[in-house]
Structures are given as C-alpha cells and as structure tokens.
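Keep the viewer open while you read.

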Amino acid sequence: MTIPWKLQMAIRPTARTLAAVLFLCANAHAAAASYTGRGVFNFESHSGCPLGDATAGGQACDRLALADPDTRATVDTEAHAIRFDNTRAYASDTPVGDVLLQGSGVDAHGARVPLSLHLKLSRDGAKWKTSMHAHAPVRGDFTDIKLDPYRVTVNGPKGEETVLTPERAVDVLARPSLTARIAQGLVQVRVAGQRADAADIIVSLGVGKVAKQLARVRFQSQLGGEADIPARIAQGNWSLDMQALSGHIPRRAVQGDLFLFGLENETLLQPLREHGFAKNDALTVGARDGQGYLRYNGIQQAFPQAARVARLFMEDSFLGLILTRQRDAHTDHAD
C-alpha cells in the first residue's frame with residue numbers, strides 16, 4: 001500500500017521527533033549508572049584530577065564508595081545527581097557510603113591547588129547522618145573554586161532528602177567551617193628527611209610541644225630531575241612508605257583506608273585490618289623494575305596493582321595531596 005504524499009509529510013516530523021526523544025533517552029540512560037553492594041566506583045570529573053592525567057581511565061577520579069551490601073546508589077553525570085537508597089535499620093551509627101569530588105581552588109598566594117570534597121554517609125537506626133570536609137594540600141581559604149555541581153540526595157521517611165547542594169560544596173571548599181579549622185589545628189604535618197626533592201612528611205596530633213607523632217609517610221623514586229609523581233610511578237622504580245610512630249592511629253580509620261584503596265582483601269595485611277597499626281609497624285606499596293610489590297613489617301609479596309593503589313592514595317587522601325604538593329612546590333622553586 002502506498003501512503004499519500006501529504007500523509008508522508010505529516011508522519012515525517014513525528015518520526016523525527018520520536019527518534020530524537022529515543023536518542024535523548026538513550027543518552028540520559030548512558031549517563032546514569034546504578035551501583036549496589038560493597039565496592040568502590042569511579043566516575044568522570046569535568047573539573048580535573050589532582051595528578052592531572054587521571055587515576056582510573058580518562059578523568060574518572062571522582063569516587064563513590066558503598067560500604068555494605070544494603071546500600072544502593074545512582075550517579076547521573078549529565079544531571080550531576082547522586083542518590084543513595086538504604087532502608088535497613090542499624091543498631092548503631094554505621095558508615096554505609098561516601099562521595100569524593102575532585103576540584104581545585106586558588107590559595108592565598110595565587111596558586112591553583114587541587115581540592116577534594118569528601119562527603120561521608122552513615123545510618124543510625126533508620127536515620128541518615130552525614131558529614132563533610134575538604135582535602136587540601138595547604139591551609140587557608142580558597143577562591144575561584146572549580147568543582148562539578150553535584151546534588152546528593154537520600155531516601156527519607158517523607159521522600160527524597162538533599163544532603164549536599166552545589167552551593168554548599170563550594171562553600172565548604174572556599175571557607176572551611178570552625179570545626180574544620182579546629183581539626184586543621186590539631187593535625188600537624190611537617191616535612192621530614194633531608195632531601196628537598198623528596199616527598200616526606202610526619203603527621204602529628206595536637207599542638208606545639210604536646211603534639212603526638214602518629215606516622216611518617218614518604219614517596220621515593222629513582223627518577224631524578226623535575227619529574228612529577230605520575231612520571232615517577234610510570235618509570236617503575238618507586239615506593240610509597242608508611243611507618244606508624246605510635247599505636248594510637250584509629251583502627252576504624254585504618255580499616256576504611258584499606259577498603260578505599262583496594263587493600264582489605266590482602267592476606268598479608270590481615271593483622272593490620274584486624275588490629276590496626278602498632279607502633280613501628282611499616283607498610284610499603286612499591287615497584288622495582290616495573291614489578292609491583294606489597295611489604296608489611298618486612299614480609300614482601302608480588303602486587304600487580306601497586307601503581308593503581310599509589311595513584312589512588314596520592315589523589316584521594318589529604319596526605320597524598322600534601323606529598324604531591326611538596327614535590328610540586330620544590331619543582332616550582334627550582335624553576
């Protein structure tokens with residue numbers, strides 16, 4: 001049967017409109033991804049990554065973490081929306097997930113530095129609890145914040161509840177709260193070692209003479225000159241070392257970091273996961289001639305994921321940002 005010409009013309013716009021709608025729906029579906037179960041997932045940052053070239057492919061350095069199997073989350077990178085769902089009632093305050101958004105800001109000296117917003121979510125009974133703070137390599141306030149404008153919501157008793165707005169995220173990065181300032185005053189970080197071009201710091205808790213040293217963290221490599229951290233890792237001879245200087249590093253924090261950096265299932269680290277750091281415990285992730293390894297208290301094993309773990313630490317932790325900034329600052333000074 002032949003369709004009359006006038007009817008064909010009437011149908012064509014409708015067909016084109018339907019095709020456009022289907023195309024848009026397909027794109028919207030592609031931009032949204034759902035996650036469930038315990039795991040760490042990366043998604044794209046349009047505001048850059050701390051190491052510049054990336055952590056997990058492309059610019060996928062923003063992070064979603066789900067800490068238990070009863071939490072579900074959807075990330076829509078087009079709409080800049082993240083939603084968490086969990087209907088389980090917990091006997092006590094229990095971490096269930098977090099979001100890390102990567103960006104940057106201009107410090108008091110006019111330098112653009114990497115900044116990260118860390119949002120933590122927990123459940124106490126059937127109620128959501130949240131906290132957030134900034135990761136920054138230097139102290140002070142920041143201007144000209146660049147951060148993807150995500151809105152984070154959770155399922156509440158009366159429907160969807162917003163726990164983070166783009167405006168609040170920028171405010172946290174630009175103007176740290178009084179609580180954050182107090183925390184910055186209690187956690188002291190100073191340069192250790194003798195080499196100016198090495199990334200080497202000591203972390204202490206407290207102020208002045210009563211400060212208690214907690215840990216020494218350093219990044220070393222055989223690649224000299226002005227090479228940045230990614231180039232040093234790619235060269236294949238490097239180490240990221242952490243030594244506990246006391247036995248007071250919170251075990252819960254240690255367990256959280258092992259999970260976030262992909263180390264919690266390593267049999268070698270089972271004592272660390274169960275008991276936390278004892279004084280003088282030493283943990284190293286490194287590579288020799290391109291072969292990754294993991295070493296804990298003198299016992300070493302092959303670890304092909306070493307480069308990925310090191311890059312995640314340097315981008316996702318505030319200590320990593322400080323180590324990277326220390327190296328970059330030396331390079332800037334040399335120039």
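A polar contact here is a pair of N or O atoms within 3.5 Å; within protein, one must be able to donate a hydrogen and the other to accept it, and residues adjacent in sequence count only if both atoms are side-chain atoms. Before going on, note that this is a predicted model, where local features need pLDDT of at least 70, side-chain atom pairs count only at pLDDT 80 or more, and totals for chains, interfaces and linings use all residues. Residues are numbered from 1 along each chain as its sequence is written, and side-chain values use heavy atoms, with hydrogens and water left out.

**Thr 284 and its surroundings**

Go to Thr 284 and look at its side chain, which makes a polar contact with the side chain of Asp 241 at 2.7 Å. Thr 284 sits in strand 16 (residues 282-288). Helices (H or I, at least four residues) and strands (E, at least two) are DSSP runs, numbered from the N terminus. Is Thr 284 buried or exposed? Thr 284 is buried, at a relative accessible area of 6%. In these terms, buried means under 20% relative accessible area, exposed over 50%, and partly exposed in between (1.4 Å probe, protein chains only). Apart from neighbours within four places in sequence, Thr 284 is in contact with Ser 239, Leu 240, Asp 241, Tyr 293, Leu 294 and Arg 295, where contact means heavy atoms within 4.5 Å.

Two strands pair if DSSP finds at least two bridges between them. Strand 14 (residues 212-221) is joined to strand 15 (residues 238-244) by 7 bridges, and the two run antiparallel. Within that pairing, Arg 218 has Asp 241 in strand 15 as its bridge partner. Strand 14 also pairs with strand 13 (residues 199-205), in the antiparallel sense and over 7 bridges. Here Ser 204 stands opposite Gln 213 in strand 14.

**Charged pairs**

Side chains of opposite charge can pair when their charged atoms come close. A salt bridge is counted when a side-chain nitrogen of Lys or Arg is within 4 Å of a carboxyl oxygen of Asp or Glu. How many salt bridges does a search of the whole structure find? The search finds 12, including these:

| Salt bridge | N to O distance |
|---|---|
| Arg 83 and Glu 160 | 3.1 Å |
| Arg 216 and Asp 200 | 2.6 Å |
| Asp 241 and Arg 218 | 3.8 Å |

Take Arg 216 and Asp 200, whose side chains meet in a salt bridge. Arg 216 lies in strand 14 and Asp 200 in strand 13, so this pair ties together parts that are 16 residues apart in sequence. Arg 216 is partly exposed at 25% relative accessible area, whereas Asp 200 is buried at 5%.

Back at Asp 241, the salt bridge is with Arg 218. Asp 241 lies in strand 15 and Arg 218 in strand 14, so the pair ties together parts that are 23 residues apart in sequence. Asp 241 is buried at 12% relative accessible area, and Arg 218 is partly exposed at 30%.

There's also a network of salt bridges that links Arg 63, Asp 98 and Asp 316.

Now turn to an open sheet of 5 strands, in the order 1-4-5-10-11 with mixed pairing. Its edge strands are strand 1 (32-36) and strand 11 (159-164), each of which pairs on one side only. Strand 10 (residues 151-156) pairs with strand 11 in the antiparallel sense over 5 bridges, and Thr 153 has Thr 162 in strand 11 as its bridge partner.

The Arg 83 and Glu 160 salt bridge belongs in this part of the tour. Arg 83 lies in strand 5 (residues 81-85) and Glu 160 in strand 11, so the pair ties together parts that are 77 residues apart in sequence. Arg 83 is partly exposed at 25% relative accessible area, while Glu 160 counts as exposed at 55%.

**A loop proline**

Pro 50 is in the loop between strand 2 (39-43) and strand 3 (62-66), and Pro 50 is buried at 17% relative accessible area. Pro 50 and Glu 315 are 265 residues apart in sequence, yet 5.5 Å apart in space, C-alpha to C-alpha.

**The whole chain**

Zooming out, the chain has 8 helices and 18 strands. Of its 335 residues, 44% count as buried.
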